[in-house]
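Biologist: I am new to this structure. Please show me how to read its features.

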Amino acid sequence: MLFRRLLLLSSVLAVPVPALARPNPVDAFRQLEEILPTPDEVRLGSGHPGPKYWQQRADYRIEVELDDRKQGIEGRGRIRYHNRSPHTLTYLWLQLDNNIFARDSDGALAAPSPKMSKLNFRDLARQLEVEKFDGTITLTKVTDQRGRKLDYTVVKTMMRVELDAPLEPGKTSELVIEWRYRINDATVIRARTGYEYFKKDGNYIYEIAHWYPRMVAYTDVHGWHHKQFLGRGEFTLEFGDFEVRITAPADHVVAATGVLQNPEEVLTAAQRARLDRARKSAAPVFIVTPKEAKANEKKKSRAKKTWVFKAKNVRDFAFASSRKFIWDAMTHKSGDRSVLAMSFYPNEAEPLWSRYSTRAIVHTMDIYSRYTFDYPYPVAISVNGPVGGMEYPMICFNGPRPDKDGTYFGKTTGWSRRFSKYALISVIIHEVGHNYFPMIVNTDERQWTWMDEGINTFLQFLAEQEWEEDYPSRRGYPEDIVPFMTSRDQMPIMTNSESLKQFGNNAYAKAATAMNILRETILGRELFDYAFREYARQWRFKRPMPADFFRIMEDASGVDLDWFWRGWFYSIDHVDIAIGEVREYELETRNPDIDKPRAKRKRAAEPDNMTDIRNRGVTRLVQRIEGLKDFYNAYDELDVTPEDREAFKKYLKTLDEKERGLLGTQRSFYVVDFHNKGGLVMPVILQIEYDNGKKELMRIPPEIWAKNPRKTSKLLMAKRPIKSLLVDPYLETADADVENNRFPRRPVKSKFRLFKEAKTKSPMQKVKEAAEQAEKDEKERRRRKSRGPR
C-alpha cells in the first residue's frame, strides 16, 4: 500500500454526529420525469411555448357607476370572447369573485376559527361584520349581443352561461351582463378591494377590484379553471383589451388601469398642463397639490363626471376614486417607451408618499426590466388606501402611511412596521413588480402562489438591495429563512394556495430565498440571469406552469437542477450540513531515514498517561539488580538499520521515474466526513484555513451526495497543514446549525441575566394597604374642607 494511516484526529477533536432516525431517500438526484407532465407541441420539453401553443382572449367594454352615498357599484359590460383553442365550447364560465362577500360563501364558511386566546378588537369586529354584510353580486341581465336572454347558473363565485350555439375554434361570442353590488368596508372586512371612510371630513377612498364578471381561464392544462375564490389564492385570467367608462362624483379624482381618454372633460386646464409637464419630467410633478386635495375634501359635489380609460393586452382592470387624492407623476424611459409613473394618496399619507411612492415605482421598473424585459405598458400607478398591498395591471393599492402626527419609523419590525418608510418602499416595489409577474408572465395565482409571489419577492429583494446600502429586506437572505425551514408546521412550496401553512413564509419567503440561492450559489449570477431572462421573455403575455419554469431554467443554463427543485419545492427538508470526523494521513515514503525519525517525533509527541507520570522517580528492579538488562532494553524498532536502507534501495528499483516522484509528494492528506442532518442536499462550500493563516474557499458541487445523500467524505490534499475548516462561511445555503459547520468546534456563546425575585403581596396585605390609603385620602379631604375656599 502506498498510504499508511498515521494520525486519526477525529477521535480526539471532531464531534461525532449521531445516526439519523429517518431512512435514506432512494435518490436525491432522481429526475422529475415521473412528476412533471409529459411535454408536447403546446409546451415543449425545453420549457418553451411550443408551435401549437394557444390561449384564449376576452375583450371588455364596461360602463360602471360608483355610488358615493350608498357605497355601491352598478355596471353594464359587453364581453367579446375569442375561442383560440382547438376545442368546441358549449358553455362559458365567468368569475363572480365579489360573491366571496356573500354571507354563505365558501370563503366565509370555510374560514377556520381565529385564535381565541389572541382575539383582538379588529378580529372580533371583522367576524361580526362578515356575519351581517352582504356583498353578493346581483345580476340584472345576461344576454347575447342581440339582446336574447341566455340561461346561466351561479355556482358560488362562478357563473356558467349556456350558449345558444356551440362556439367553434377560431370563432367569437359576445355576452352582455348588467350587475350591481355593495362595496365592503375594507378597514373592517380586510380584502383585496373596498372603501375607507374618514370620519373627520366625511369622505371615502375607494379601491375597486374583482368588480365585474370576468372570463374564467380555459387552458390546455386544466380546461375550464374551476377553483372557487376563497380569498387567499388570487386570480387566473385571460388577456384582452378594455374600454371602461367610470362615472363618479364630479369632484372625485379617478385612477385606473390604462390611459385616460378624455382629460379635457374631467381635468381642469391647470391639471392638464401639469400632466403635460410631468410627461417630460424626471422628477415628480403635482397634478393635484396637497392644498387642492385638502380643499376638495369639503365640496361634496352632487354632479357626476365620467372618466374613460383604455387598456390594451391586460388580464384585468382595477380603479380607485376619491375627492381626497393628491396626484403626482413623472416619466420613466423603459426601452423605447416613455412610461408615466403616478401616485394617488390623501394628505394623511404625507410626508412619506410624495417623497417615496413615485420614485419607488420608477426604481421598480428600472430593476425589474433589467432582469426580465422592458415594461410594456404606458402607465404605472400606486394608490394609497385601505388595501394593504394588492396588484392589478398598471395599478396597485398600497396601505402604509405615517402615524397621525406625520412621524414614521425607519428600520423596524413588528406592528410599528406599518408606519415605516421601508414598509412603504417595499410594498410599492412588490406590488408594482407584480406587473411583470403575474400581470405579464401570466401565471396561475389561484393554484401556484409561489410562481408570482415567490418570484416577485425575489426580484423585490434585488430591487431593495439597489435602493440603498443595508436596506432592511425582510425576505431573501438565506439565513432569515432558517426558522421557517426548521419548523414543524409547514408544507412543500408545490402545494395549492389554499392548503399552504405559514403562507407568507412558504409562498413568498422560501421561494424567494430559493431563487436567491440558485442565483448566488448554485448557478452563479451570469447563468441564472440568462436563464431567468429567457423564461420571462419566452412567457410574457403567455401562461407558464411550474414545469415550464423548471425546464427552461435547466435548458437555458445547461445545468441539471432536478435535485434542487425536488429538495426546495417538493419537500420540507432543510439544510444542515455538519462536519463529522476529520482524519489526517501522511504519505509513507518507505525511506527509513525519513519515515522512522518522523515516527519517533510522533511517539514523543504523544501524551503521557497518569500512571507513568506518577511512577517517575521510582527505582525499578532492573536498576537494583545487575544482569537483568539485555539487548532488547536498548533496542528501538524505530532506529534506522543498514538492512532498512538496503530494503529501500531494492524497493526503488521496482518503481519507474514517475512513481518515484509521487513517492516524494509533499502534501498533507485529510479525509473530511460530511453529514447531511437536514436532509436537503446542497453544495458543500468549505473554507480551509492553513497554519500560516491563509484561507482558501472550495466549492464542492451537490453531486458529492449522489451515492449517499446522508453522509459523504472528501479528500483534501493540502500543501500546508490545515488549522481549521468551516462550512458555508458566507451564509449562502440557509444552513440551520452553523455551530456544527466548524472543525475544530468552538464554544457556543450566549448571555444570561440575573433577576431579583419579586415579593408577592398576600390578599390580606392588599386589603390592608387599600384601607390605609382610603383613611389617608379621607383625612386629606377633611383637611381641605376645614380650610374652606381660598
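Biologist: Into how many nonpolar, polar and charged residues does the lining of the second largest pocket divide?

Modeller: First, the ground rules: this is a predicted model, where local features need pLDDT of at least 70, side-chain atom pairs count only at pLDDT 80 or more, and totals for chains, interfaces and linings use all residues. Residues are numbered from 1 along each chain as its sequence is written, and side-chain values use heavy atoms, without hydrogens and water. Rolling a probe the size of a water molecule over the atoms shows where empty space is left. A pocket is an open set of points on a 1 Å grid over the protein atoms alone, where a 1.4 Å probe fits, with protein on both sides within 12 Å along at least five of seven lines; lining residues have an atom within 4 Å of a point. Here the lining has 7 nonpolar, 5 polar and 12 charged residues. Ala, Val, Leu, Ile, Met, Phe, Trp, Tyr, Cys and Pro count as nonpolar, Asp, Glu, Lys and Arg as charged, and the others, Gly among them, as polar.

Biologist: Which residues lie nearest the centre of the second largest pocket?

Modeller: Leu66, Asp67, Asp68, Arg69 and Lys70, out of 24 lining residues.

Biologist: Which residues of helix 14 meet helix 18?

Modeller: Helices are DSSP runs (H or I, at least four residues), numbered from the N terminus. Pro592, Asp593 and Lys596 in helix 14 meet Asp644, Arg645 and Phe648 in helix 18, contact being heavy atoms within 4.5 Å. These contact residues comprise 2 nonpolar, no polar and 4 charged.

Biologist: And which residues of helix 12 meet helix 13?

Modeller: Phe549, Phe550, Met553 and Glu554 in helix 12 meet Asp562, Trp565 and Phe569 in helix 13. That contact has 5 nonpolar, no polar and 2 charged residues.

Key:
Helix = DSSP H or I, 4+ residues; strand = E, 2+ residues; numbered from the N terminus.
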